[in-house]
Amino acid sequence: MKNPFIINGYQGSEYFCDREDETKKIVNNLKNGINTTLLSIRRIGKTGLIHHVFTKIQTENTFKCIYIDLYATQNLNDLIEKTASALLSAFPEKKQTGKKLMQLIKGFRPVIQFDTLSGEPQITFDFKQEIQMNHTLQSLFTFLENQQTKTILAFDEFQQINEYPEKNTEAILRTIIQNLNNVQFIFSGSSKHLLMDIFNNSKRPFFASTQAIQLGFIPIEKYSNYIQQHFESNKKHITQEAIYFILDWSKRHTYYTQVVCNRLFSLELKNITIKDVHHSCNQLLNEQEVIFFQYRNLLTSGQWKVLKAIANEGKVYQMLEKQFIQKHALGATSSTQRTFAALLHKEMIYEEQEKEGSYFSIYDCFLSRWLEKL
Ligand SMILES: Nc1ncnc2c1ncn2[C@@H]1O[C@H](COP(=O)(O)OP(=O)(O)OP(=O)(O)O)[C@@H](O)[C@H]1O
Ligand SMILES: [Mg+2]
């Protein structure tokens, strides 16, 4: 029996909860020549949504969808290599267009290797000058522009370009992209860096020309129905109380909710009650304890203390509020402020907006639940 609660990657719309509005919006953008920027905190479902959109749009239209993960890229050269490799995968050499692409790429004197496991091409270039890089990138996009079918290119973890030594990467991409009519883009990344750039630098019109979609938590009712339905269709019964507990305990942070459901499903119980959920949640925390202790070793005692305080509050709206600082005996406001900044930088905590205002929470939901119990 397949566990329907996926905790890795995308496995089709059957295993994908909701995101109907967001999917519609992005598909609509793609059909109407609007590029999209997808933003959210980590592990909410951006990458999943990109693949979901690809699946949908490929059934409706004859778009060519290409996904490029920039997470591991460290410079412009890496980005070009990733792009060229992704293009080669999308246009196999068996076909005429693939042959043309291969010829084009070979002109840039690459080393082409094929991954022994996946068989995917992996290209490395040895550029001596920046102008060669620009030219290569331009040529790759021109190749796409000249195809009969429209290409959709998703750059995931796009905030990574801020880390490149080539500070003009954004300008280079902007120049190329604004002249393309037959290639549509989805840029995706964690909000922190991307949003900072959109709002802090008005000279950067890159994102102004895209529609930004902020991905939030899946609504309670939608997720609750989804969970119920997947248990029921596999002849397992789960109580409403148990489902609501899962959603609350995992804070509806998609990855963590999926992990809890995946665990419960794997227990092969016919009837799942809140007791089973409590047991599984505790088990998950116990299994992760080694990692939590490592976190503690990597943080200063002050950072650990603030982390515990945030865990106990769940959400901290005012980090400098007297009541919060005094209640948790955090000391001087200036040092608390610095500690929050350090924890944000280490991605131990995130800042998110909601109707009530912006708040801070711990990224790793399990760590947060574990800290609460200390
Ligand atoms: N709508 C959904 N329904 C069910 N599972 C989902 C959904 N969206 C995401 N997931 C699952 O949640 C986990 C996190 O999703 P994903 O990797 O897409 O998040 P992300 O926002 O791209 O994270 P990161 O910022 O770390 O790259 C994955 O295991 C994925 O399978
Ligand atoms: Mg992702």
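**Close-up views of a predicted model**

**View 1. Domains of the chain.** The chain is divided into domain 1 (19-214), domain 2 (221-298) and domain 3 (299-374), with bounds that come from an automatic or database domain assignment. Between the C-alpha centres of domain 1 and domain 2 the distance is 35 Å. The model is predicted: local features need pLDDT of at least 70, side-chain atom pairs count only at pLDDT 80 or more, and totals for chains, interfaces and linings use all residues. Residues are numbered from 1 along each chain as its sequence is written, while chains are lettered from A and ligands numbered from 1 in the order in which they are written.

**View 2. The shell around ligand 1.** There are 20 residues around ligand 1, of which Cys 17, Gly 45, Lys 46, Thr 47 and Gly 48 come nearest (a residue is near a molecule if its C-beta atom, placed from the backbone, lies within 6 Å of it). Two or more residues each are given to this shell by α2 (46-60) and α10 (254-266); helices are DSSP runs (H or I, at least four residues) and strands likewise (E, at least two), numbered from the N terminus. Domain 1 and domain 2 each supply at least three residues to the shell.

**View 3. Surroundings of Phe 108.** Phe 108 sits in the loop between α4 (96-106) and β3 (111-114). Phe 108 counts as partly exposed because it has 18 C-beta neighbours inside 10 Å (buried: 20 or more other C-beta atoms within 10 Å; exposed: 12 or fewer; partly exposed: in between; C-beta atoms placed from the backbone). Leaving out residues up to four places away in sequence, Phe 108 touches Phe 125 and Thr 136 (contact: C-beta atoms, placed from the backbone, within 7 Å).

Note on methods:
Two residues are in contact if their C-beta atoms, placed from the backbone, lie within 7 Å.
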